[in-house]
Amino acid sequence: MKSAFSQLRAYPGRFVAVCFAIVIGVGFTVTTLVFTSSFNAALTQSVGAEFTNVDVVVTPDYGEKADLESLSQVAGVEFVEPSYRTYGRFAAEAARGYMQINTIPQDERLRWYGLKSGAWPIGAAEMAVDLNTAERNGLSLGSSLTVTGSDEAPRAVLLVALLDTSSSAIAGTGDEFYVAPELGIALAGGIPSSVNVLAAPGVSADSLVPMLKAAAGPLATVQTGSAAAAAAVADITGDADILSIILLTFAAIAGLVAAIVIANTFTILLTQRQRQIALTRCIGATAGQVRRAVLAEATMIGVIGSLLGVALGIGVGKLATSLANIGSAAFTVEWIGIGIAAGLGVLVTIVAALAPARRAMRIAPIAALSPVPTTEEAKRSGRFRTIAGALMMIGGGTALVGGIVLPALAVSVLGGAVSALGILLLLRSALPHVLRWIGGLASVAGV
């Protein structure tokens, strides 16, 4: 470890390329994790806004009434309130159409929206609308409407409040009306769509779920508020996190490129230090000791680069969420995933340094003092590299095309990565011939 630290301290410039590659690979991965987790948190807050303040949601089987008394008697339950949601028709002076009707919770803790103007509706002759619904239909405080619910009985109501539902991006996209429980029960035919439960202080929502399930009956659905919000998000997104998959695919490509850069850079560094390593061997150092010193260098560089990559990734992730108009309240840093990304950065660095270290250690101390490898070694290395590169390019290219035709994103990415590695391996054999050819063409113009 002392030898590795002395190398880093004496020649820091040698390791800049390796550290930079690690920072980019880990930073891209961390940025992806921060952005996707923040995006999902914002989506959950928006789509599942109505479950934000609810501990447990009990949804009776369709057409069934919930046994509120049994639910309220469950140990650990502080408050139970049914929620009525139905659809109907409305007619006003400037507009008419279909609407969704929601009851306003009596307990203010369950209200996820705020009062913009007016007063909360009371009784069966008043209602409220969100700002978008009011603007779209030309409604204002004091407007008179006729509403019809599931019982098909027209009712005259007065608009007494405008609500701020901006915490949900989907609220107000359709015409939504909010009413007091008295009117909601009448319009919904007396059957609640769900029951909201608040847990007593010190009682977790998860512990209430099985007890409420037993009280609600086998056909009822019982979920925590967070689970209900996640289910609402899944209904909209189709339970497919395409954004995360695409970004993490690019992160995997960035990690692959970083590994290639690290391996090549260590190969160059060890080649430059071949004489130094040989002299160390000549004075008594074993191959294992030198190998461990090289891997210690790789570990230290991996740790430094990964920590810098984590800091960079969090900063860029914060900037990306700001540019995407994701509020600071939804900004999420999942430290477990970031810790795994940093650990992978260190692991990739060590693995990428293994082959160059093993190759350097195979050279005998006296032979290592020679300025160039033997012809036999060069031929053996070139033959293996050419065969491996050709196989990887052909196999990876076939998988890439197959993934596009299927289509299968994972197959395409894997095929592209393998074919890219094959091309890089072949470049070392083909590039000298290409450069000689280009040099011959350029010689026409003179030196």
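A crossing of two helices is left-handed if the near helix is turned anticlockwise from the far one by less than a right angle, and right-handed if clockwise. Keep that in mind for the first stop. The model is predicted, so local features need pLDDT of at least 70 and side-chain atom pairs pLDDT 80 or more, while totals for chains, interfaces and linings use all residues. Residues are numbered from 1 along each chain as its sequence is written, and side-chain values use heavy atoms, leaving out hydrogens and water.

**Stop 1: a helix pair**

Select residues 16–47, helix 2, and residues 287–323, helix 10. Helices (H or I, at least four residues) and strands (E, at least two) are DSSP runs, numbered from the N terminus. The two helices cross right-handed. Their axes lie 6 Å apart, at an angle of about 40°. Axes here are lines fitted to C-alpha atoms, over the stretch in contact, and angles run from 0 to 180 degrees between N-to-C directions. Now colour the contact by residue class. It holds 16 nonpolar residues, 10 polar and one charged. Ala, Val, Leu, Ile, Met, Phe, Trp, Tyr, Cys and Pro count as nonpolar; Asp, Glu, Lys and Arg as charged; the others, Gly among them, as polar.

**Stop 2: the second largest pocket**

Select Glu50, Arg85, Asn102, Ser193 and Ser194, which lie nearest the centre of the second largest pocket. A pocket is an open set of points on a 1 Å grid over the protein atoms alone, where a 1.4 Å probe fits, with protein on both sides within 12 Å along at least five of seven lines; lining residues have an atom within 4 Å of a point. This pocket holds about 1100 Å³ of space, the volume being that filled by probe spheres set on grid points joined across faces, edges and corners. The lining has 44 residues. By class these are 24 nonpolar, 13 polar and seven charged. Elements giving two or more residues include helix 2, strand 1 (56–59) and strand 10 (194–199). Which element gives the largest share of the lining? Helix 7 does, with five residues.

**Stop 3: helix 9**

Move to residues 274–282 and pick out Ile277, Ala278 and Arg281, the buried residues of helix 9. Buried means under 20% relative accessible area, exposed over 50%, and partly exposed in between (1.4 Å probe, protein chains only). Look down the helix axis. The buried residues fall within an arc of 100°, so they line one face of the helix. The arc is that of the directions from the helix axis to the C-beta atoms. Then click Gly284, which follows helix 9 and has a positive phi, near 120°.

**Stop 4**

- Phe90: in strand 3. Phe90 is buried at 3% relative accessibility. Its C-alpha lies 9.7 Å from that of Asp175, 85 residues away in sequence.
- Ser167: in the loop between strand 8 (154–164) and strand 9. At 42%, Ser167 is partly exposed. Val47 is 120 residues away in sequence, and 9.1 Å away C-alpha to C-alpha.
- Gly339: in helix 11. Gly339 is partly exposed at 42%.
- Val348: in helix 11, residues 335–361. Val348 is partly exposed, at 30%.
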